[in-house]
Amino acid sequence: MSQWNQVQQLEIKFLEQVDQFYDDNFPMEIRHLLAQWIENQDWEAASNNETMATILLQNLLIQLDDQLGRVSKEKNLLLIHNLKRIRKVLQGKFHGNPMHVAVVISNCLREERRILAAANMPVQGPLEKSLQSSSVSERQRNVEHKVAAIKNSVQITEQDTKYLEDLQDEFDYRYKTIQMMDQGDKNNALMSQEVLTLQEMLNSLDFKRKEVLGKLTQIVGESDLLMSSMLAEELQDWKRRQQVACIGGPLHSGLDQLQNCFTLLAESLFQLKRQLEKLEEQASKVTYEGDPIPLQRPHLLERVTFLICSIFKNSFVVERQPCMPTHPQRPMVLKTLIQFTVKLRLLIKLPELNYQVKVKASIDKNVSTLSNRRFVLCGTHVKAMSIEESSNGSLSVEFRHLQPKEMKSTAGSKGNEGCHMVTEELHSITFEAQICLYGLTIDLETSSLPVVMISNVSQLPNAWASIIWYNVSTNDSQNLVFFNNPPPATLSQLLEVMSWQFSSYVGRGLNSDQLNMLAEKLTVQSSYSDGHLTWSKFCKEHLPGKSFTFWTWLEAILDLIKKHILPLWIDGCVMGFVSKEKERLLLKDKMPGTFLLRFSESHLGGITFTWVDHAESGEVRFHSVEPYNKGRLSALPFADILRDYKVIMAENVPENPLKYLYPDIPKDKAFGKHYSSQPCEVSRPTEKGDKGYVPSVFIPISTIRSDSTEPQSPSDLLPMSPSVYAVLRENLSPTTIETAMKSPYSAE
């Protein structure tokens, strides 16, 4: 079943997550119509290869043209219109930057795999539960309700202000009419009655002014409370969800809802400001002793102006954290002299600000107090925000061509750049802008989450470990001295994040049994629900009896899965994290030939398999092969190794001992679709010999002595097919073949 078909069968809560990351950059219509073709292309490789990306973009447009031809015959007018529009948008947006479309599609496919993995993994950890609490959802609804209520109240005061203006105009007209009358007319009874009427009107005017100002005061108070509590908490929760999503957690949605709330509230505050300005105009025309406008308006205007400035400052956010396009699953790790992207957004959508807000990017603005190392940003570091920059019409800007460069040390002629980067040293990218609107000048500033600088890709794993530890351990978005004294992390949360690494990076998370094994490896405990773990234990101290740390071991496994056994991992064929003791416990009662796959605990980036059989005496025996590493797996796919694997028992012919994948799945049923080719049937050499070469393939063979009780290791892969071996067996004795197998010339 294709990945897209699996996505469409998800529950509605997961489908809503999928909907979040499909937009005009990569419309869902294209994902649906070209599902199989899209999944068959290597978009991740193309995101790092411009030539490959250009070819894929051209092929994508050709596929679209084919679809257009098909729907044109069906006379589906709506689909024809949408496909033409989409083709035009894609060609215009990505023609000059084909690698960007590869990054976008690669990210979408990866997010789909992560969501599928989450849907198939019922284990929900404490971090994910905290992000989905019912109290958070209730507050979201309350915020939207409060904003709508404030907007409605402002509309009412708008009508009140207009009524007040009409009342004052009538009073002003009557008052001026009396002033223009002759002195004699002013003494008659009619005139006295008119004066009484004017006094009543002035009383009504005074009452109405006090009433309007009272309403305005109440609205300003409600707006202040909403911003300082509920809306601030809502924004902080979004930032926390973004932190967690950056380290592989659930997608962080809700920014569009926040933008709607921020925009409506900002519009309401600007409307209040205009109403207060109108009141000032009215007071300049008609005032009197005890007039409430000059007494209350200045303070109210000051509060409204402060709230406007405050809401703009809070609405300036980093929508997408700094990330190198070459490593989309490792955000906030930046390599010197390599471009990265980052996207800013203003959560207040006002058309008059389009292209008027220029954003300037800088790095380590206050570096003198934090580090001796200095960096500068090369490339375009000033850009204007625009509504066209985003598919949903928000005011945003994306920097795509920034490069960090380390400045030379002032202490000598040589620079600091090299292999001595400290992967626990945090840096910050700051963004500044200025808004001039309706007589107000507002300075904006925001910063990215802390980033780690590296000078060599080999430093990426440890740098990523620092990013994980920071974002799982603190809600603080700007604690650049965090690693001066890193706090311990809750073990249950950390293991949840470890599972996220697998779901986001290789498409399948870890179950409770696998997490238990990791907990035992970290803490020598059988439960991971309680306790804490130190940064040193996670990333600095070597595992007992090993020459590497826990994180180095885990990162090597991730790399092995990604590059060599990804389909097997996604299908759940690899148990992976299981100790030797647990392995024997699982296999001992199974049918002979039952095997399981696990990651080596002694070899970095190694995978092995163990099978069970029975001796003639009935004794249960276990056989584990020497772990396969990336060198061997580059020569032969792991599924083919399992299919063709042979063992030679003393004086016996080779046979494949692997029959059933644990618990009882026939091997070919479990791995059949992953075989790269069928075993070669090889003919005998011809009599002439000139064209009679025997085709050969690599097959893995192990020798197991019948009297051995220890787990055996395989020999290296030999260039021998089953048919070739049959030819040799006709001419050589088993003893001769076994002696050759032991020859030193068979070693690598």
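Where is Tyr 438 placed? Tyr 438 sits in the loop between strand S9 (429-437) and strand S10 (440-447). The model is predicted.

Most residues other than glycine have a negative phi, and most peptide bonds are trans. Tyr 438 has a positive phi, near 50 degrees. Tyr 355 also has a positive phi, near 65 degrees. Tyr 355 belongs to the loop between strand S3 (340-346) and strand S4 (358-363).

| Residue | Relative accessibility | Class |
|---|---|---|
| Tyr 355 | 45% | partly exposed |
| Tyr 438 | 44% | partly exposed |

The peptide bond between Tyr 662 and Pro 663 is cis, with omega about 10 degrees. Pro 663 is in the loop between strand S18 (660-661) and strand S19 (665-666).

**Nonpolar cores**

In soluble globular proteins, nonpolar side chains tend to be buried together. Here the largest nonpolar core has 160 residues. Phe 312, Phe 538, Phe 577, Phe 609 and Phe 638 have the most contacts inside it. Helix H11 (residues 189-246) gives the most to this core, with 18 residues.

What does Phe 609 contact, leaving aside its neighbours within four places in sequence? Its partners include Phe 595, Leu 596, Leu 597, Val 625, Phe 638, Ile 641, Leu 642 and Leu 658. His 623, Ser 624, Tyr 628 and Tyr 645 are also in contact with Phe 609.

Conventions:
Residues are numbered from 1 along each chain as its sequence is written. This is a predicted model: local features need pLDDT of at least 70, side-chain atom pairs count only at pLDDT 80 or more; totals for chains, interfaces and linings use all residues. Side-chain values use heavy atoms; hydrogens and water are left out. Helices (H or I, at least four residues) and strands (E, at least two) are DSSP runs, numbered from the N terminus. Buried means under 20% relative accessible area, exposed over 50%, partly exposed in between (1.4 Å probe, protein chains only). A nonpolar core is a set of buried Ala, Val, Leu, Ile, Met, Phe, Trp, Tyr and Cys residues joined through side-chain atoms within 4.5 Å. Contact means heavy atoms within 4.5 Å.
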